[in-house]
Amino acid sequence: TKTKLSKSKDSTIDEDLFRTKVDDPNIWSQEETHSKWVTCLVHQMLSCFHERTVMSHLLDICQLSPRMCETVLPFIVHELLLFDSTEVRLILAAKFCKFFNDHFESVSLNANNRAGSPSKNEEVSPHLRKESLQVMLSVVSYLREQLLPDHLKSNL
């Protein structure tokens, strides 16, 4: 497979690594605790940035702090979306859509079940955990507050 690099010589993301790590359905649906899930997701995204970028330097601290992962995830996703790659944007859009679709399908199926939501430490799919849902909603909320870059406005 041919390695696709950014149009500029200063590529900040390894797209092949992104496809391998972030497009993996297992990291988006791990039945782990919320802390393990968010740490793994953020680690996979950060590992796609080249070592000379600021994002790559967050790897070590994010391994130690799930709270830090929750805080930086919106910025990481925003940075990935700004990268000049339609494929990266499509992968992220598909993953977010699937996460929320899975959530709403589960909620619809269990509308009559009043068992409550799983606890933070319970090992269930992320779309069923309140904390994981809040993190994903914070990403969407942050992205909605950002101005659309000029190179993406032409696609509207």
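**View 1. Four aromatic pairs turn up in a search of the whole structure.** Rings of Phe, Tyr and Trp (its six-membered ring) pair if their centres lie within 6.5 Å; planes under 30 degrees apart are stacked, over 60 edge-to-face, and the rest tilted. The model is predicted: local features need pLDDT of at least 70, side-chain atom pairs count only at pLDDT 80 or more, and totals for chains, interfaces and linings use all residues. Residues are numbered from 1 along each chain as its sequence is written, and side-chain values use heavy atoms, with hydrogens and water left out.

**View 2. Trp-37 and Phe-99 are stacked, because their ring planes lie at 25°.** The ring centres are 6.0 Å apart. Trp-37 sits in helix α3 (residues 34-46) and Phe-99 in helix α6, 62 residues apart. Helices (H or I, at least four residues) are DSSP runs, numbered from the N terminus. Trp-37 is buried at 0% relative accessibility. Phe-99 is buried too, at 4%. Buried means under 20% relative accessible area, exposed over 50%, partly exposed in between (1.4 Å probe, protein chains only).

**View 3. Helix α6 covers residues 86-109.**

View 4. A disulfide is a pair of cysteine sulfur atoms within 2.5 Å. For Cys-62, the nearest cysteine sulfur is that of Cys-69, 4.1 Å away. Cys-62 is buried, at 1% relative accessible area. Cys-69 is buried, at 0%.

Notes
Helix = DSSP H or I, 4+ residues; strand = E, 2+ residues; numbered from the N terminus. Expected span 1.5 Å × (residues − 1).
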